Amino acid sequence: MTDTENSKGQPDVFPAALFGLCPHCGQKTLFRSVTAFAERCRACGLDYDKYNVGDGPAAFLTLIVGGVVLALALIVELNYYPPMWLHVLLWVPLTIAAVVGSLRISKGVLLILEHRNQAREGSIDDGVEK
């Protein structure tokens, strides 16, 4: 068994998210574009549409990356006083790359964890037996 597979033969969470591996069979079929999931795995047929990662990764990553980039921009400004055009040239591409790159990984992690934990929509248990 390799260190990138767990006991069920499925790839570990972070390598699978990083490389876009199917959480069931381990083939590179999770994404159809940079951040969009494929409809299903071309190798094993796992339906990715039944999983819902929502907008959580985008919201949190935008705030986290925005805070980090703001801190870096302030450090550069206070130490070197570059012109505004240089700030735009530095921070806009860095922000876009950081959000898109980390969005792909975080969306993959959430989908893989949903699959592994068999997460489903919640329901309220009213104590009545069926």
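Is Arg104 buried, partly exposed or exposed? At 22% relative accessibility, Arg104 counts as partly exposed. The cut-offs are these: buried means under 20% relative accessible area, exposed means over 50%, and partly exposed lies in between (1.4 Å probe, protein chains only).

## About the model

This is a predicted model: local features need pLDDT of at least 70, side-chain atom pairs count only at pLDDT 80 or more, and totals for chains, interfaces and linings use all residues. Residues are numbered from 1 along each chain as its sequence is written, and side-chain values use heavy atoms, with hydrogens and water left out.

## Helix α3

Arg104 is found in helix α3. Helices are DSSP runs (H or I, at least four residues), numbered from the N terminus. Helix α3 covers residues 84–117. It has 34 residues and reaches 48 Å from its first C-alpha to its last. That is close to the 50 Å expected at 1.5 Å a residue; the expected span is 1.5 Å times one less than the number of residues. Just after α3, Gln118 takes a positive phi of about 50°.

The buried residues of α3 include His87, Trp91, Leu103, Lys107, Leu111 and His115. The buried residues of this helix pack against α1 (13–19) and α2 (56–80).

Arg104 is in contact (heavy atoms within 4.5 Å) with Ala17, Leu18, Gly20, Phe31, Ser33, Val34 and Thr35, leaving aside neighbours within four places in sequence. Phe31 is 73 residues from Arg104 along the chain, yet their C-alpha atoms are separated by 8.6 Å. The backbone oxygen of Ser33 lies 3.2 Å from a polar atom of the Arg104 side chain.

His115 is also found in α3. At 14% relative accessibility, His115 counts as buried. Not counting residues up to four places away in sequence, His115 touches Gln10, Pro23, His24, Leu46 and Tyr51.

## Rings and a charge

The structure holds one aromatic pair. Rings of Phe, Tyr and Trp (its six-membered ring) pair if their centres lie within 6.5 Å; planes under 30 degrees apart count as stacked, over 60 as edge-to-face and the rest as tilted. The rings of Phe31 and Phe37 have centres 5.2 Å apart and planes at 15°, so this pair is stacked. Phe31 and Phe37 are both buried.

## Two loop residues

Thr29 has its place in the loop between α1 and α2. Thr29 is buried, with a relative accessible area of 4%. A polar contact of 3.0 Å joins the side chains of Thr29 and Tyr48. Such a contact is a pair of N or O atoms within 3.5 Å; within protein, one must be able to donate a hydrogen and the other to accept it, and residues adjacent in sequence count only if both atoms are side-chain atoms.

Pro82 lies in the loop between α2 and α3. Pro82 is buried, at 13% relative accessible area.

## The cores

The largest nonpolar core has 17 residues. Such a core is a set of buried Ala, Val, Leu, Ile, Met, Phe, Trp, Tyr and Cys residues joined through side-chain atoms within 4.5 Å. Among the residues with the most contacts inside it are Phe37, Tyr48 and Leu111. Both α1 and α3 supply at least two residues each of this core. A second, separate core of six residues includes Val65, Val69, Val76 and Trp91.
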